[in-house]
Every structure is written in structure tokens, then in C-alpha cells.
Amino acid sequence: MGSKILEIIKLVKKYESGFVLKIDYMHAEENKILVLIGPNGSGKSTLIRLINLLEKPDSGNIIFDGKQISGSDIDKVSIRKKISAVFQEPLLFRTSVYNNILLGLSIRRQKLSDFKDSFDFLIKKLKLQKLLNRNPRSLSGGEQQRVALARALILNPKLLLLDEPLANIDQISREELRADLFDILKNMGRSTIYVTHDRNEAMILADDIAVINEGRIEQYGSKNEVFRKPENEFVAKFVGAENLLEGKIIESSNNVCKVKIKKKKDEHLDNNLIISAISNYLPETRVMIAIRPEDIALYNIEMQNIEIRNELITDKNTFHGIITDIQDSGIFKKIEIDCGFKIISYDTPNSIERLGLFIGKKIIAGVKADSIHLFKK
Amino acid sequence: MELITEGIKKAFILIFTGDREIFEIMLLTIRVSGISVIISMILGIPAGLIAGLNNFKGKKFVISIINTGMGLPPVAAGLFVSLILWRSGPLGFLNIIYTPAAMIIAQILIASPIIAGVTLAAVQQINPKLKYQAMSLGANRWQVLWILIREAKLPTLAAIMAGFGGVISEVGAVMMVGGNIKGQTRVLTTATVQMVRMGNFDIAIALVIILLFLTFAVNLVLTLIQQKENITWAQRFWR
């Protein structure tokens, strides 16, 4: 484990609106990207403003670079000079792009000559070379945000705060800028807190993830932990484990347990309601079963392919079901299957055609035991 | 008709021959109004910025006071300053009534609310998040203020123009506290009133021409500054 650049301990901030941000504990590691993810209004930006000392917490501690910074006797300006932030809006000033990029350096009374290499690197990576003399007002949203990023990155901050910097940009520019930004962050090895409500972004950028909801951290952990092993229903849904089933452990041995899935309605199919999962919960524990839709494989029941049959028998949980709906969902199609309980899977239109799937078709859905995550209800 | 054409002719002669009295009146006007506007800027711009950019208790009350001040009748300012500076008044010991200093005080009372009010309106148009962005970049209180003044540059210069226009054209208050004493407190406006009363239209026309020219010149300079975009102000910090 690396050293901690930031620790937040028992931080509380109350608002007149009734919203309360309450973080018991959270930390960000040096030279890693921590993604703070949560729905709109969950308190992500508030937390960023607190870390940036733009707002005062009601109680609790923020420890930055080994020093407590949340007290009232702290020289806020000198702390802010070690941090830089980019917000959802580019917030550029009424001067040229060049001057905007250098504004932070001039505020901090740094010499441009000391930052020449980093300036050249950033304007090249952020594709700003041809825009330096332009007025920011004449730039597109994506270009403006590139300027804001250059302005923050050139300061070589100990901690970089990025508060949904890509949220207001059209999709094509967003993907391009995300790739450029990711490249820069990895290249420069910056300690970064990145705020987003977009789980794809979190998936691409994060080393660690904190899921925040209604002012509280729901789960904190490495990217894989959070995505593969959500600890509660909110996190599971938020990270895209769309299949959430209730069940009870009926058998458990050697880290493998059998869970009986609670039926949703009267069963009309002769179905297996027992699922195997890797977990060491004790029998009788009531659990939630989380399965990511992309981990569900669909098989045409009439297929006589021996290999597939063997595969199904050997290492998969299988359920017989009927397709109840197929909907467009971006490049994939969303398939709803009734197995006595509802499950969702995604597949490409091509694959759906190849498998001969249609609404009303009987199929087999298979999930590997290690793709199933259980958490206590 | 002859009155007018002859008046204008004589006026130009007076101006271009460098009539000593007119020249002195002009210099005093520039001095009094110039100092007034500069002090009013020093008071009014920060007041407008602070009231406009911060949230505090009684903000609406302060804004109402500033707005009332913007419409303050000059005679009211004149009366107030007279009362304060009158020999038996609270500051009578200063002995500055009927001096340019008293005129400057009266003009500050008129111009600073105008400058504060227009600045206030201007900074309220700025995206309030820019203040946080500046702070986030590490700016201290004064740097934030300076950055936001730059951001509100166009309307702030308009505020200065409005303030200058307010004082240089003012006659009631300076008459009251300055006394229009020849060679001492006589400025372009009070001299014009005096000359018209005396029927010296040629001198009155000359004075008004100078007054218009001064107003035009000051506004021209400010407009040029205002319209000059992209001053490389970050580079100022580099050697």
C-alpha cells in the first residue's frame, strides 16, 4: 500500500436544505486515481469543495500530506497552492488561452521558465498549440475544458481534484479528452481525486473507488472490489450489477455455497432455483445475489452442440427461462428473461440473431459460480 | 443670433490665446474632479466588489443604501458637507469650508455611491464560481479581488465614467461648499453660472466648450482602455 496523500476522518457538513455530508473515513493514496462516484446530489462536489478548503466543515478532520488542514488556524491559501482543481464548468477568465493556462503559476508567483517543459508537454497532449492566442469564449466546450485542465495540471499539484470535468462535453469530444487525460494522469503519476456519476468513466480511470450516496460513503475499495463485490444494493445497482436476487444460503462448504433463490411469483417452469456461488456465508444467512448482466451467457435450448452442453454441466449455474423482452440499449440489446425470477443480459444484435433469440423463446441462461457475488441482506 | 456666433468666436479666441483666468478655472476643475474620482474609485470599487461578491447579513440593506446614494441629489450632499464643515459644525475646526478640499469631499459623496453601485451591478453579472476558481488556484484575498476586477473590467470602467460624469458636471454642491470664490474655488460649472448671470456669454461658451472637451477626453481614454481586449495581464507577473 502506498502512502496516503489525503485522509478524511469523521467529516460532517450540514446544509440549511437539510442535506448532510457525513464521511466516517476515506483516504486517497499517493500517485493513484481515486474515483468518487455517485448520483447527482450525493455530495461529491461538496466533498471536493471541502478538500479544496472552499467550504468549512462543521466538524471532523481533513489530513492532507500528513498535516491537519481543516482547522481554523490554517493558512488556507498556502494549502490551496499545493492542490489544484478543475470543475464541471471550465471557468476561464477574460483573457487569452495562453494567459489562462499560466494564471495559476502567476498567482503562485512561479517562473514560467521553470515550467517550460511541462507547459510544452501539456499543450501538446491537450492539443492546445493552435489555440494559445484565442479568446476562450470562441472555443468549444471541450476545448475550454482542455484549457482548464492545462491550467490545473501545469501547477504540478500534490493533489489534483477533478470534479466531473467531462460532464458538460459532447460525447465524441468527451471520449477523446478522457483518453488524453487518462494518458496524462498515468504519465505524470498524479495523486488524483476524480468525481463522476458515470460508471464507465470510473471503470476506465480508477485505481480505487469510493461510492457516495446521500452524503455517505457506501463502499470504498479497489476498482475490482467495488465492481465485482458490491457490499449493498445501492452499490450493486450503481456499478451495474443489474441482476439482484434475494436468497437464502442452504448449504456451505469449502468456500462454495448453495443459495436458494426466492421466487418472484408462482413458478410456471420446471426450474432450478438453487445457485452455486463462491462465498463462506453460513447456512440460513439471507443474502442478495448480484450478477452483472455481461456475465450471463445465453444458450439456445435446441442446440445439440456437445461442447456447450458439457460446459453448461461442468462449471455453470443454469436456469431455464423464457425471453420476455428484447430492447435496444446502445450498441447492445437488453434481454429480459423470466426464470421464475427476472434476469437481464446484454448481447449484440448479431449474436442474438445467431442464437435465434426472440420474445417468447425458451432458452438456458448460464452464470459461472465465480461471477456471482453475495452480500448480506 | 449674433449673440451666439459672436460668443462662439470670442470663446475660441479666449481659449486659444490662453486666457489666464479660464486656464486656472480649468486646472482647478481637473484637480478637484480628478482627485474626487480617484478617491471615489478607491472607496467605491472595493465597496461594490465586496457587497457584490460576498454573502453577509444585511447585504440587501447595504445594496439599498448604495442604490439610494447613486440617486443622492447633489444639493443634499452639499448641504450635508456644509453642515459638517461649517465653522460651528463638528469638523469646523478643520477650517476647510470654501476651499477645494471641501469641494472634493462633496464630490466624493456624490461619486463614490455611483461607482460602488455600477461596480456592484457589474460583479453580480460575473459567474460567482469564478471567485472559487481563483481561490482554488491559490489566490489570496487581494489577488481574488484583482482577478475579479479584471473580469468586470468593462463595466467597472463604465462605473468610473459615470462617476466622473457625475462630478464634473455638478454645480449645486460645489457652489454651496466651495463658494465659487474667484481664483480659489471657482470651477467650470460654477464659473459658467456666474458668467451667464453677468451676461458674459462669450466666456460662458468658452467654459462650456472646455467642459465638454474634458468630459469627452476622459471618456475617450477610458473607452479605449475598456475596448482593448486581451491585455496580457498574466505576463505582467513575469519579468
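**Where chain B meets chain A**

Hi everyone, let's start at the interface: between chain B and chain A there are two salt bridges, a salt bridge being a side-chain nitrogen of Lys or Arg within 4 Å of a carboxyl oxygen of Asp or Glu. One pairs the side chains of A:E89 and B:K129, at 2.6 Å from N to O.

Before going on, please keep in mind that this is a predicted model, where local features need pLDDT of at least 70, side-chain atom pairs count only at pLDDT 80 or more, and totals for chains, interfaces and linings use all residues. Residues are numbered from 1 along each chain as its sequence is written, chains are lettered from A and ligands numbered from 1 in the order in which they are written, and side-chain values use heavy atoms, with hydrogens and water left out.

Back to the interface. The rule also finds seven residue pairs in polar contact across it, both residues at pLDDT 80 or more. A polar contact is a pair of N or O atoms within 3.5 Å; within protein, one must be able to donate a hydrogen and the other to accept it, and residues adjacent in sequence count only if both atoms are side-chain atoms.

Which helix of chain B gives the most to the side that touches chain A? Helix 6 does, with seven residues. Helices here are DSSP runs of H or I with at least four residues, strands are runs of E with at least two, and both are numbered from the N terminus. By class, this side of chain B has 13 nonpolar, nine polar and four charged residues. For those classes, Ala, Val, Leu, Ile, Met, Phe, Trp, Tyr, Cys and Pro count as nonpolar, Asp, Glu, Lys and Arg as charged, and the others, Gly among them, as polar.

In total, 26 residues of chain B are in contact with 34 residues of chain A, contact meaning heavy atoms within 4.5 Å. Together the two chains bury about 2700 Å², with 58% of it on carbon and sulfur atoms. Buried area is the accessible area (1.4 Å probe) that two parts lose on being put together, summed over both.

Now chain B by itself. Its secondary structure comes to eleven helices and zero strands, and its C-alpha atoms fill a box of roughly 65 × 45 × 35 Å along the principal axes.

A:E55 lies in the loop between helix 1 (44-51) and strand 4 (59-64) of chain A and A:K13 in strand 1 (residues 4-14), so the pair ties together parts 42 residues apart in sequence.

Last, two backbone details. Most residues other than glycine have a negative phi. Phi of A:N156, however, is near 50 degrees, a positive value; this residue lies in the loop between helix 5 (141-153) and strand 7 (159-163) of chain A. In chain B, phi of B:N180 is near 55 degrees, also positive, and B:N180 is found in the loop between helix 9 (172-178) and helix 10 (188-198).
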